[in-house]
Structure formats: structure tokens, C-alpha cells
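Hi,

Here is the structure I promised to pass on.

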Amino acid sequence: MSAVIDDHGHADHAHGPAKGLMRWVLTTNHKDIGTLYLWFAFCMFLLGGSFAMVIRAELFQPGLQIVQPEFFNQMTTMHGLVMVFGAVMPAFVGLANWMIPLMVGAPDMALPRMNNFSFWLLPAAFLLLVSTLFSPGGGPNFGWTFYAPLSTTYAPESVTFFIFAIHLMGISSIMGAINVVATILNLRAPGMTLMKMPLFVWTWLITAFLLIAVMPVLAGCVTMMLMDIHFGTSFFSAAGGGDPVLFQHVFWFFGHPEVYIMILPAFGAVSQIIPAFARKPLFGYTSMVYATASIAFLSFIVWAHHMFVVGIPLVGELFFMYATMLIAVPTGVKVFNWASTMWQGSMTFETPMLFAVAFVILFSIGGFSGLMLAIAPADFQYQDTYFVVAHFHYVLVPGAIFGIFASAYYWLPKWTGHMYDETLGKLHFWLSFVGMNLTFFPMHFVGLAGMPRRIPDYNLQFADFNMVSSIGAFMFGATQIFFLFIVIKTIRGGEPAPAKPWDGAEGLEWSVPSPAPYHTFTTPPEVK
Amino acid sequence: MADSISLKKLVTCLLLVVVAMFVFGFALVPIYDVMCKAFGINGKTGGQYQGEQVVDTSRQVRVQFLSTNTADMPWDFYPKHDELTANPGAVNEMVFIARNPTDKPMSAQAVPSIAPSNAAAFFHKTECFCFTQQVLQPGEQIEMPVRFIVDRDMPKEVKHLTLSYTLFDITARHPPVAVNTGG
């Protein structure tokens, strides 16, 4: 293979990357693939964000101004799908690819060629999905939850493309998850016992098991849709003896663990970052591990809290209500542990720490509105209102996405070899923080007052709050272009980063130089 | 690490889990049906009831009837009376009327549902047009009976039941046999 011959002609094994475009197509290097995942996720973040801008522009004033309701429905659907499957999940897989081998002292992921394949499925999947917007009849318009019969009997023609796109994303995620489990269980450096693993590795191990358990259920769900649409079965069609409510059960059996798939790696990243900037070890490491595992377990037995109004029996409502509230216990353990880690620490507030602290505070707000939604009788009022939109954006934007930003700033020196510009980073944080709260906080109020979600028009009484939300959204959206600028600036130059740029940071990843060489830990480090 | 299981074994196990969970997704379909029938939840009523019960004259339950057509279903479909009063244990009958106003033969399936859903397990149909599919020729009208028993063990707090039928057009799936009116 001529591609691996480096032009310095060294006889040793310190191969550099191949040259040109084929480096990225054929690469099996975990750092290259991590970079690919992160760039792909960022592109999808901007695409899904531009869909959100269309939504907020339409909702800037009551009445229909910019887009038709049919197109608005496609925008809400595609925004959700692209952000969940295209931005948040690939970003975390990218972080896993880059950091897990470095953190456990492995030379690469356990299955490098499969790693390449699982990345390259994603552009194919999203090309398929986004192309539906240009097809006759338009793209998916049934919401990201694609409830039957909206997504079967009443779906646009392009739904089949959507189904295959979901299949491809599912296969990609499953392969990625198998790779993570295999790397963590098989390639840890000598002495790195399970309970010595960094928390980011732990949360990813648990996330990977969640992915392996529920992505196949999602695949089954869309396969049933495919059969209903094209092969005359009636899984979800009452006319043939099926039941549309069954769809919701199957979907949410996947869907609820999915929301933890999107947040657990962020928990892990924040658990790395807060100790580094509080200059204290993480408070309650063991309880963090068990709390993560309990959250993962509980996520399998709470799915019907998304379905309180479909007519489940009282006993069911009570069971799912209490089970849901139980999740607040391990989550509370985590929040208290983060707070205790900061307590009496020598804290400094560099950009990663700012994002991490904002994560703890704002994610808790999202957690509390989640508890409100968990109360079955109250949920009858909140169901399908903007209160729900406010809730899940508070756990996903300052939760998952701030977690990703915090990780990006924390590890950028390791990835690029340069320090990012601290002033610009802080500016990015504050603009994001203000923009995000302006966007989503008013949604609580309009939701409680009864504004329904996924509707392009609204009553006059909601006009002021919606205008505030839209202004906040434009601000948040524009700020992310600024983030792109900061990252490119850091890649192109800047103050050279030492091997360990944060003095409180711990872990094997800081024992290799910055930028991390193309091959690391070819001989495993000894962990004491 | 020497003591860890081999990569091949681990990946095989994980792939087996993936396959098992894919199958489990489909297994949810029968599990869901069994659970709904067993607990009488989701308003799903059971199949044909064979038993008989002694009439409980001490109380009465109002039973209301609703009929709904799905979108694009052109039939006229309604109960003869909006409601009746039933003694638990007694056999009651209500007639539903269906008419095909189109000029094509059509087939239809009615799907029943009971509200409140915790009463579904105590509502027994001894005969129902929903057990079969209906085929109507152009302009044809039929009367379709449903016979039912409200169980004596029905919770005391339920004084009012609604039996609703949704009528689905299944002509595309089950093409009706056209009757040759000429002979």
C-alpha cells in the first residue's frame, strides 16, 4: 500500500497520514475518523440550524408570511431529524473516536476498518434524507417522531427514502457502538481497570450499550412502516387489525433511551472538565458510574410517559409517572457531585469551564421541566405545547450541545496543537448563553398558556414572546458561524499548546504531545 | 489484556444482541396485542364471548353508541338508537345501519373501542359485525346487529359506557366480489 509511505523515508513505524483526498476516504485512523465525524456533525448542525431559522422566521409574527404550512411541517421534521441523528449523535461518536483510544491508552479503535465504514454511511444517509426536500410532494412532514398513520397512510411519496436513510443511520450507529464497546473492553492499557477509567469513557460505554439495544428496535419500527406502505401488512393500520398506538409504543421504546444516548456522553465530558478547572478530583466517582448505569436502566421502563394522553389505564399512568420521577434521583446525584466538585475548588473560568457550568445549571432547568411533564395529570395540559419544546431544547441545547462545545474547547489544543483565542471563546460562550435563553425561556410561558407546537401560525396573545424567541434564535444561529471562525483560526495558528494545557487536567490523553501524533500508544502505557 | 475475552467473541456477542433486539421490535407486536387483551386496556375488546350470566337487576348502566367513518370512507354508517340502558348480565342488542352510496361494490371493516378503557375487559360481545368484514353492492343497505353483555363484575363506579365503531374502507386490500345483478 503506497498510501502509507511517508515522504521522510523513515524506516520506523512513525507513519504520517497519506496525502490528498484519499487520506480521508480510506483512513482507518481513529483521529482522522474522529475529525471526519466532528466536521460532518458541524455541517449538519448548521443545516439543521438553518431549518430552525426558517421556523423562527415564520414564527416571528403571527400569520403566514414566509413559508406555506406544508413546507413548515417539513422544516420542523427535518430540523429534528438532522439535529438528533446528524448533529448530536455523530458529534459524540466523533469525540469518542478521538478521545477514547487516547484516554484508555489504546493505539486505535478495535475495529478500524468498520470505523471507516460506519462514518461513510452517514453522508449517504443524509444525502438521501435531505434530497427528499426536492422531491415531488416534499420531504418528511410528519414530525421527527413520525407517528403512524401520518408517516404511513398520509405520508408523502418520499417516505421510503426517509425509511432507508434511518436504516443507514441505524447501521452506522450500531457499528460505531460495537466499536466503542470492543475498544473499551479489549484495548485498555495494562493497569487501567474498569473503575479507573475516565468518566467520559464510562458514560460512552453505557451509551454504546444503549445504542446496541435500541437502534435495532428503531430499525424494526421503520421496517414495519415500510411493509405497511409497500407490502400490504397492517402493523399500524387499524383497518387491517393493527393499531397506530402500537407505533408509539415501539417508537418510544427506542425514543426514550435515545434521549439518554444524546446526553450521557455530555455527562461524561462535563465530569472530565469540571475537575480540571476546579483543580480537585471528581467528587463521588463511583456514585457517578452507578448513577449513569441506573439512568440507562430506568430509560427502558419509562417510555409511555410520552403517551399519557393516548388512553393508557390509570395503573399504567401511575407506573410510568413514578418511574419517570425516579430518574431524578440518579440525575440529582450527578448534579450534586458536580456541585461538590466545584465546592472549595480553585476555580478558573476558561471557555470549557464556562460551558460546563452553564451545562449544569441550564440542564437542571430542563430536568425540572421534565419532572413537571412527568406528572401525568399535568401532562394532559402540557402535551404537544411549546412547554414540551422548551423542555427538550433545554436538555438538548445547553445539555448535549453545550457539552459538545465544552469538549471541543477542552480538547482543541490536543487536536490542533494550538490554543484557541480565549477572548473569542468567551464571547462565543456568552452570545450562545444569552441567545439560547432568549430563544427557549419564553417558550415555557407560551406553552403553559396553550400555544401548540408544530403549527406555523399562532394566536395574537403569543406574539411578543415569539418575537423574543425568534430574535434569540437568530442570535444563537449567527453565533455558531462565529464558532466555525474560532475553530478555523485555531487550526491555522495560535499560541502553541503544551502537552497538558490545563493544569488541573488528568488523564492519559495529556501525556502525549499536542497536537497528538498520528499514531499514539503503539506501546501501551503503564497505568498505576 | 490477557484476561479479556477475544475480540471475535465479543463482537459476535454484540451482533447477536443487535439481532435479538431487532427481533424483539417485531415481538412487541404480539406482546402488545396479548397485553391489551389480557388487561382489557386501550379500549380493546376481546373476541366472541361464549358464556352466559345471571342478570343483575340491582343496577343499570347507560351504554352509548358512536360511529365514525375514517377519511375518504363514503358509507352512511350509524346506530339505530344513540343509547340504551342495560342491566349487567343481560344480553342486549343494538342494530347499526350501513349503506354504500357509491356505484361500486366496496368492503369495510369496523373496529370497536370502549371508553372508559378500564371497562373494556367487562364488555362482552356475543355477536358483532366487527368479527367479519362487510361487503356492500352499489346502493345496498344492511342492518348489522351487535349483541353484548355487560359483565356483572364491572366496577361499580362505571355507570356510563361508550361503544364506538370506526369504519375503514378496505376495498383495496380485500376486493369485493361484484354480484351480477342481471342473473
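**What I found**

Bear in mind that this is a predicted model. For chain B, the average pLDDT is 84, and 90% of the residues score at least 70. As for the model overall, ipTM is 0.87 and pTM is 0.87 too.

Now to a helix pair in chain A. Helix H6 of chain A covers residues 199-230 and helix H7 of chain A covers residues 244-261; their axes lie 9 Å apart, at an angle of about 150°. Anything over 145 counts as roughly antiparallel, so that is how H6(A) and H7(A) run relative to each other. The crossing of H6(A) past H7(A) is left-handed. On the H6(A) side, the contact includes A:Leu210, A:Val214, A:Val217 and A:Cys221, while H7(A) brings in, among others, A:Phe251, A:Phe254, A:Pro257 and A:Glu258. Sorted by class, this contact between H6(A) and H7(A) has 14 nonpolar residues, one polar and one charged.

Then there is the place where the two chains meet. Chain A puts 30 residues into the contact and chain B puts in 27. On the chain A side, the elements giving two or more residues are helix H5 (159-186), H6 and H7. Which of them gives the most to the side of chain A that touches chain B? That would be H6(A), with seven residues. By class, the chain A side that touches chain B comes out as 23 nonpolar, six polar and one charged.

Cheers

Key:
Residues numbered from 1 in each chain as written. Chains lettered and ligands numbered in written order. Predicted model: local features only at pLDDT ≥ 70, side-chain atom pairs only at ≥ 80, totals over all residues. pLDDT = per-residue confidence, 0-100. Axes fitted to C-alpha atoms, helices over the stretch in contact; angles between N-to-C directions. Helix = DSSP H or I, 4+ residues; strand = E, 2+ residues; numbered from the N terminus. Parallel < 35°, antiparallel > 145°, perpendicular 65-115°, else oblique. Left-handed = near helix turned anticlockwise from the far one by under 90°. Contact = placed C-beta atoms within 7 Å. Nonpolar A, V, L, I, M, F, W, Y, C, P; charged D, E, K, R; others polar.
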